[in-house]
Amino acid sequence: MTATADHEVGRARARKEDARLVTGQTNWTDNITLPGLAQVAFLRSPHAHARITSVNLDAARTAPGVFAVFAGPDVAAEQGSLPCAWPVTEDIVIPNHPPMAVDTVRYAGEIVAAVVARDRYAAADALELIDVEYEALPPVLDMPAALEPGSPKVHAEGNKSYTWTLANGDLDAAFAGAPVVIERTYRQQRLIPEAMEPRAVVVAPVADEFTMWSSTQIPHVLKVMLALVTGIPEHKLRVIAPDVGGGFGSKLQVTAEEVLALILARRLGRPVKWTESRTEGNAAVHHGRDQIQKIRIAAEADGTLRGLDVDLLADMGAYLMIVTPGVPLLGAFMFNAIYKMDAYRFNCTGVFTTKTPTDAYRGAGRPEATYAIEHIMDDLAVHLGQDPLEVRERNWIKHEEFPYTTISGLTYDTGNYEAATALAKDLFQYAELRKEQSARNAASAAVRLGLGVSTYTEMCGLAPSRVLGSLRYAAGGWEHAAIRMLPTGMVEVITGSSAHGQGHETAWSQIVADELGVPFEDVRVLHGDTAISHKGMDTYGSRSLVVGGTALVSACGKVREKARVIAAAMMEVAPTDLEWADGRWAVRGDPDQGKTIGEIAFAAFAAHDLPDGVEPSLDSDATIDPDNFSYPHGTHLCAVEVDTETGWVKIRSYVAVDDIGNVINPLIVDGQLHGGIVQGIAQALFEEAAYDDSGNLVTASLADYLIPSAADVPSFTLARTQTPSTLNPLGVKGVGEAGTIASTPAVVNAIVDALRPFGVTDVAMPCTPERVWRAINSAVNNAPPALGGTTPRQPPAQNQTDGGGAA
C-alpha cells in the first residue's frame, strides 16, 4: 500500500480531527454544561486498610450550597458490584467490589462518601466537614509475604485470587542435562497511566432515561455493564464518549465514579458532573504492570534454546477490575516471543494487596513478557560470549517458516525478523558503535557506552471471540461498522471503534475514499455515541484498524454490490456486465460508460427507476469477527551513555524498525511509535508508583511521579519493513502498542550492557541515577555503599554469573 495520486491509503495526510482538537474547538466531558448541573466530589480513604466504624455527615449536609451527601450504607442496596469480565479460572476469587465502601476500605483512595453541591468549591468544602472514624488494619503490600500463611487478609477468602498455567512440551526433558541454564528474577514496577485528560463523567436524567458523557475508551461496553450493575434497562441508557484526551488503558474501565454518578443523578433527578484532579486520579485510576517475574531458560552450548519456564506473581491490587486477572495472561503467549524452542511453561498467581487495583496499561501483559525474554536473551548471549544479535538470530523463526505455530500455541501468519534487524543494524551503525564501546572500556572511561537490543513481536487485534471465550473472557472480540450514503454522494461512516487520539477519523476516511471512489473530504466519521453507533466493542489492544478497519472494508463492499445492481439498471445492462474500476461501476469493455457511487446514491434516493425488489438505499453495515490475532514485529536498538561517577543515563541514539504490515497513514504510524517509545522509555528510566510502609501512595502528584518531557528523550530514527498480514483484507497488523512493548527492554539492556564490565547483571526499573550508581558500587564492592563517594574502582575482568536478579 504505497501512496499514489489515485489512492488515499498510504498517504501521509494530516489528521482532519486535529483542526478542532489542537485548537480547543471541541467538546470534552468536563466542558459539558447542562441546566441545573450539580457537581460531585468524593471523599476517599486515607488508609490502605481499615474498618469504617462511623461516618457523620450532618455538618456536610447543612453546608452552604450542598444538595445531598451520601455514605456507603446510603447506596448499598443499589450500587451493586463493579464488574470483572475475565474470570480466568473456575476457582478464581472475585471479591465483591462496591463502588463506595460500606464497612471496610482496602486501599488508600477508595471512595467512602460523596457530596453533591452547586459547584465544585462548595462540594470540596463540604468534604472537609465529613467525620469518618476508622479502625486501622494491617496493610498488605508485598506479594510473596501476602501468600505466606498467617499474612493479614485483604479479603476473607484470602490473598490469592487465582493460579493459571499454560504448558507445552516436555519441560523436564528440556532442562535435564541442558549445557546452559540461566535463572533470573525481574521486577516490573507499578505504573500510573497519565492520560492528558483526567477522567470525568456527566449524567443527565430525563424521566426514566439517562444519558452519560464519560471520558471513556469503551462507551459500548460501559453501557452494557452499567445496565448489569445498576439494573437500569439497557435501552434506557445512552453513553457518549466525546473527544477523549488519551487513555492508554486507564479508560478501559467501568469505574466507581461512573456508577455512582449514575446512581446520584437517579436519586436526585438532576444532572451531575464529576471531574478528577490529577492527584486524585493518580491514587484512584487503575495502575499498570506490577509483577515479579522468575524466569529460567535452558539452551545448548551454542545458544540454541531448549526450554523456557516462567513463574509470575501479579499484583491485582485490592479488587479485580474489568480485565485485571487477564492482563498477565496476555503475556503468557508472548514470553516465547519470536523464538523457537521445545518446551514452555507459564504459571501466574494473582495476588491481592491493599493497593490501588491494577488493570490494562498500554501493551497489557505484552511489554512485561517482552522485557523478560529480551533481558534474559542478553544474559544468555553474555554467558556464551556471543553478540546479543547473534544468539537471537540463531533462535528466531525464519521468514520462510511462516506461517508458524509457536510453542505457546499461536500461529504467526507473516514476518521477516531478518530484514527488520538488518535494516536496524545499518541505520544504527551497530558495528561502529561496538568498536567505540570496546575503546571506551579499554580506556576505563568514566562515561561508558551501552547498546541495547529488543527484537519483539506482539499479538494485536484483541479479537477472535472463540479464542477469548476459551480463555473465559466474558465478551466477544468482533467489531461493527456502517456506511450511510447521502443523496449528494457524501459518506457517513459509523464505527464501533471509539477513538481517543488514534486518528480514526482520518484513517477511516482514507480507507473509505479508496473503497468507494469518493474524495477524502467527502467522508465523515461518527463514533463514540451509542445512540448513533449502536453496537461495537470499542478501542484497546491495537484492535481498531485490524478489526474495525476490516469491518469497514466489508461494509464498503456491500455498498458497492448494492450500487452495482442499481447502476446496471441505470445503464440498461446486466449487473454481471459491470466491473469496479477507478472508483465507479463501468461496463466491461466500454470504460467510458459508467456511474460513480455518488450518481448511484442520488438515483437510489430518487428511486424512480429501480429494478423490482431493490430497496432505495445503498446503506450497509458489517460485523466482523477475525479468526486470529495479528502479529506486528520489529527490531529496536538503543545506545546509551552512562556516567559511572553519577549514574546519569543519556540516550544517545534510538533506531526503531517496525513491520506493521500495510500502512494506511505513515504520519499517524510515526506518531503512535513516537508516543509508544516514550512511554516505554518512561518505564525504563523515570516512572514508578511508590508506596510507604503504611500503604500510602507517595507519588500521587506529578511533582513526585516523574514523566518525561520532550527534553528528556532523543529524536528517533524510524523505518519500516513490510510483510502484509494474510489475516485481513487490508494486510494491516496494528501499531498502537508496538513502541511501548519494544522500547523498555532496549533501554534497560543498553544500560546493563554499558555496566557489564563492572559485574552488573541488572538494574531495577526505573533506572534512576541513584539506582545505576548503587548497582555499579554494589557489583564492585559487593555491598551497597552510602550515597556519595568517588568513582567506583575498576574491577578485574570477570564473567557473568548464572544466578541473580535485580541489583
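1. The chain splits into domain 1 (18-23 + 478-624), domain 2 (32-137 + 196-246 + 251-284) and domain 3 (364-459 + 631-778), with bounds taken from an automatic or database domain assignment. Keep in mind that this is a predicted model: local features need pLDDT of at least 70, side-chain atom pairs count only at pLDDT 80 or more, and totals for chains, interfaces and linings use all residues. Residues are numbered from 1 along each chain as its sequence is written, and side-chain values use heavy atoms, leaving out hydrogens and water.

2. Now for domains 2 and 3. Their C-alpha centres are 39 Å apart, and seven residues of domain 2 contact eight of domain 3 (contact: heavy atoms within 4.5 Å). About 510 Å² is buried between the two, 54% of it from carbon and sulfur atoms; buried area here is the accessible area (1.4 Å probe) that two parts lose on being put together, summed over both. On the domain 2 side, Ala48, Thr279 and Asn282 supply 59% of the area buried against domain 3, more than any other three residues.

3. What about polar links across that interface? There are zero salt bridges between domain 2 and domain 3 (salt bridge: a side-chain nitrogen of Lys or Arg within 4 Å of a carboxyl oxygen of Asp or Glu). One residue pair is in polar contact, both at pLDDT 80 or more (N or O atoms within 3.5 Å; within protein, one able to donate a hydrogen and the other to accept it, and residues adjacent in sequence count only if both atoms are side-chain atoms).

4. The whole structure has 57 salt bridges. One of them pairs Arg278 with Glu194, closest N and O atoms 3.2 Å apart. Arg278 sits in helix H9 (residues 278-284) and Glu194 in the loop between strands S8 (180-191) and S9 (200-206), so the bridge ties together parts 84 residues apart in sequence. Helices (H or I, at least four residues) and strands (E, at least two) are DSSP runs, numbered from the N terminus.

5. Buried or exposed, what is Glu458? Glu458 is buried, at 0% relative accessibility, and its salt-bridge partner Arg366 (3.4 Å, N to O) is buried too, at 4%. Buried means under 20% relative accessible area, exposed over 50%, partly exposed in between (1.4 Å probe, protein chains only).

6. Finally, Asn662 lies in the loop between strand S27 (649-659) and helix H19 (666-685). Asn662 is buried at 11% relative accessibility, and its side chain reaches the backbone oxygen of Leu730 at 2.9 Å.
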